[in-house]
Amino acid sequence: MITASNKIALYMEGHVGAPNGKMGYGVLRYSPNTVVAAVDSQKAGSDMTREVGIPGGCPVVASVEDAHALGADVLVLGVANSGGFIPADWYAHLDRAVALGMSVVNGLHDKLGPRYAGKTREGQWVWDVREEPKGLAIGTGAARKLPNKRVLFVGTDMAIGKMTAALEMWKATEARGRRAEFVATGQTGITIRGRGVPLDAIRVDYATAAIERAVLEAKDAEYVFVEGQGALGHPGSTSTLPLMRGSCPTHLVLCHRAGQTAIRNLPDVPIPEFQAYVALYRDVAACAGVFPHPVFLGGCLNTAHIADEAEAREAVRAFAVALGAPATDPVRFGVAPLVDALLEG
């Protein structure tokens, strides 16, 4: 839906700086389009670099009118809240944005298309990202026959940086002159890439097939980086198995947030010991030899909440020791150790 000429505003009301603002942060960091503003009346007058540390950020403004005045013609809902609902008090602001002629990207489960049917102008649109693709069937495991390498990013929790790690490794691999592809599986990645699989909007019987189809469409790439979702040990996550069966990964990367010892929203559910968790991921992926037994490349550690550089480096070093494998913070320190391991393997 988004073209190269569009200018984006992020609707972040009340969530600039919050963990569930990840949709906005991802678009700001990785979208090829210009992001002219983030809308959050509570942080108006600040800027996103100051608030969340993303270089080359944008100003935070109080209203959609302010964002439109700065040239924004697309409003992206920048929050991925629990349950994926649109807060009731957002609708009046979204109504004003549409009345101004702004197009809307909605990555939440609640649909906006029906609300604005017949109310948009020529060239204006509403994109509900979480729509199940057409023509899905049942997964077949066909990806296991592909000759390329398929890297799946798994995690210890939700919202810890799996998409970021996948995007960074994809970009770094392309920069080395290799044919690489990124398969988006969540609303942020789909918005950035312009295509992908909204996994949590797909009926469970067809989830594997949706991932499989996306991976097969990328068959000409030497390296395919599949954005992970959820975590195998998270009681509220059911995404790991369709991701594994759909992509038949040849390699895994484990993502974790520094210092976290339990599921963030379920503190009574501990995160397993890392090497045991990696072994479990590899064994589930292989299913006793039916599918490829993936190579473990290493770990990506999210240290965004650690201000001190030396402390962050020590956290990465300790993570690597605990894994018995290379580790890095993909944003802070780059992904060269993991890309080296992948290309050399």
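## Second largest pocket

Helix 7 contributes the most to the lining of the second largest pocket, namely four residues, where helices (H or I, at least four residues) and strands (E, at least two) are DSSP runs numbered from the N terminus. The space in this pocket is about 380 Å³. Of its 21 lining residues, Arg195, Gly196, Val197, Ala214 and Glu217 are the closest to the centre. Two or more lining residues come from each of strand 6 (126–128), strand 8 (180–183), helix 6 (187–193) and helix 7 (204–217).

On a 1 Å grid over the protein atoms alone, a pocket is an open set of points where a 1.4 Å probe fits, with protein on both sides within 12 Å along at least five of seven lines, and lining residues have an atom within 4 Å of a point. The volume is the space filled by probe spheres set on points joined across faces, edges and corners.

## Model and conventions

This is a predicted model, in which local features need pLDDT of at least 70 and side-chain atom pairs count only at pLDDT 80 or more, while totals for chains, interfaces and linings use all residues. Residues are numbered from 1 along each chain as its sequence is written, and side-chain values use heavy atoms, with hydrogens and water left out.

## Helix 9 and helix 10

Helix 9 (residues 274–286) packs against helix 10 (residues 309–323) at an angle of about 60°, with the axes 7 Å apart; axes are lines fitted to C-alpha atoms over the stretch in contact, and angles run from 0 to 180 degrees between N-to-C directions. The two helices are therefore oblique to each other, a class left after under 35 degrees (roughly parallel), over 145 (roughly antiparallel) and 65 to 115 (roughly perpendicular).
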